[in-house]
Amino acid sequence: RRKMDLAELISKTLKIFEISKVDDLSEAIMNSVFENRQKLKLFKELVRNLDIDWLQKIWQYYSADRDILKQDYTPTSLAKLVSHLTETKNSLVVLDLCSGSGALTIQKWTTNKNLKFICKEYDEKVIPILLFNLALRNIEGYVVQTDVLNLGFDKQVFHLTKGEEFSKVERVEKIELKADVCISNPPFNIRWERPVFAKSDLRFAYFGVPPKSNANFGFVLTGLYDAKEKASFILPPGVLTSSEELDIRKKLIESNLVESVIINPEKMFTSTQIGTCILTLNKNKDTS
């Protein structure tokens, strides 16, 4: 089948959702998730290959917030690598922390179509894209609009259940699943407001509270706390050398949690030349 270029993908997607500009895509997609579900079928017929996050291609070029929210969406190659790094014998539920449009979730789903997902994302504008991507693939689980660094402030929770072809989406009050593994490409090097009682927060009580100037290990310790088995994170290379986070790194190593550290080449992300690494933590390591 002939490969679609970006311009053709955008043109045909806008036509399906009966809009004239990309800025209106998020709202139109949200309506289709709950109301006009025929759009799911039309989009599936357009793209056919559901192993690719087609909507990410549109969103990252036209709507991603790189200045404030540091949204640089995950390359497929890194998403696939993280998917394999978090394989375990017994994992059934996957947490995608800072999930964006769902690129990591999609690649994890390709390895096992029976996995359930908990996708947590801060940006309200990308939530419809995420919901659509999961419903399109008949994925079961939850989508939560929340600030993952400040627990207890879930703004919206959506439950997805399998249908004959597409997931059914409904609003609910809370999540009824616990994650076995965590996958994450969080925003890099952002400042954060540490919770008032951060030192007694179970995520940070032993490992320490990450500095205000940088939330990288805030995301890492959150994902580690929520996962029963493994957690794998795409991060900037500074997490391996920053003096402010030295004590956190030492305690992760002393606790025998670090399974692997992979240094990736530069220029793997479309919109930035920054290098990255992948840090994988394992709560069930049997070697030191």
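Close-up 1. Patches are made of residues with over 30% relative accessible area and no salt bridge, with like charges joined within 9 Å and nonpolar side chains (Val, Leu, Ile, Met, Phe, Trp, Tyr) within 5 Å. Accessible areas come from the Shrake-Rupley method with a 1.4 Å probe, and for residues only the protein chains shown count as cover. Arg191 sits in the loop between E6 and H8. Helices (H or I, at least four residues) and strands (E, at least two) are DSSP runs, numbered from the N terminus. With a relative accessible area of 63%, Arg191 is exposed. Here, buried means under 20% relative accessible area, exposed over 50%, and partly exposed in between (1.4 Å probe, protein chains only).

A note for all views: this is a predicted model, in which local features need pLDDT of at least 70 and side-chain atom pairs count only at pLDDT 80 or more, while totals for chains, interfaces and linings use all residues. Residues are numbered from 1 along each chain as its sequence is written, and side-chain values use heavy atoms, with hydrogens and water left out.

**Close-up 2. Glu140 and Lys116 form a salt bridge.** A salt bridge is a side-chain nitrogen of Lys or Arg within 4 Å of a carboxyl oxygen of Asp or Glu, and by this rule the count comes to eight. In the pair shown here, Glu140 and Lys116 have their closest N and O atoms 3.9 Å apart. Glu140 belongs to strand E3 (residues 140-145) and Lys116 to strand E2 (residues 116-121), so the pair ties together parts that are 24 residues apart in sequence. Glu140 is partly exposed at 21% relative accessibility, and Lys116 is partly exposed too, with a relative accessible area of 30%.

**Close-up 3. Lys228 forms a salt bridge with Asp180.** The closest N and O atoms of Lys228 and Asp180 are 3.9 Å apart. This pair links distant parts of the chain, 48 residues apart: Lys228 is in the loop between H8 and E7, and Asp180 is in the loop between strand E5 (168-172) and E6. Asp180 counts as buried, at 8% relative accessibility.

**Close-up 4. Helix H8 (residues 216-226) is mostly covered.** Nine of the eleven residues of H8 are buried, among them Phe217, Phe219, Val220 and Leu221. What do the buried residues of H8 pack against? Their partners are strand E1 (93-97), strand E6 (181-184), strand E7 (230-235), helix H9 (246-254) and strand E9 (277-282). Contact means heavy atoms within 4.5 Å.

**Close-up 5. Helix H2 (residues 25-34) is largely enclosed by the rest of the structure.** Seven of the ten residues of H2 are buried, including Leu25, Ile29, Met30 and Val33.

**Close-up 6. Lys39 lies in helix H3 (residues 38-47).** Is this lysine, Lys39, buried or exposed? Lys39 counts as buried, at 8% relative accessibility. Leaving aside residues up to four places away in sequence, Lys39 touches Ile16, Phe17, Glu18, Ser32 and Phe132. The C-alpha atoms of Lys39 and Asp24 are separated by 15 Å, and the two residues are 15 residues apart along the chain.

**Close-up 7. Leu240, Val261 and Ile263 form a nonpolar surface patch.** Together, Leu240, Val261 and Ile263 have about 250 Å² of accessible area. Leu240 is found in the loop between E7 and H9, and at 31% relative accessibility Leu240 counts as partly exposed.

**Close-up 8. Cys98 has a positive phi, and so does Asn256.** Cys98 has a phi of about 60° although it is not a glycine. Cys98 lies in the loop between E1 and helix H6 (103-111) and is buried, with a relative accessible area of 16%. Asn256, also not a glycine, has a phi of about 60°. Asn256 is placed in the loop between H9 and strand E8 (258-263), and at 23% relative accessibility Asn256 counts as partly exposed.
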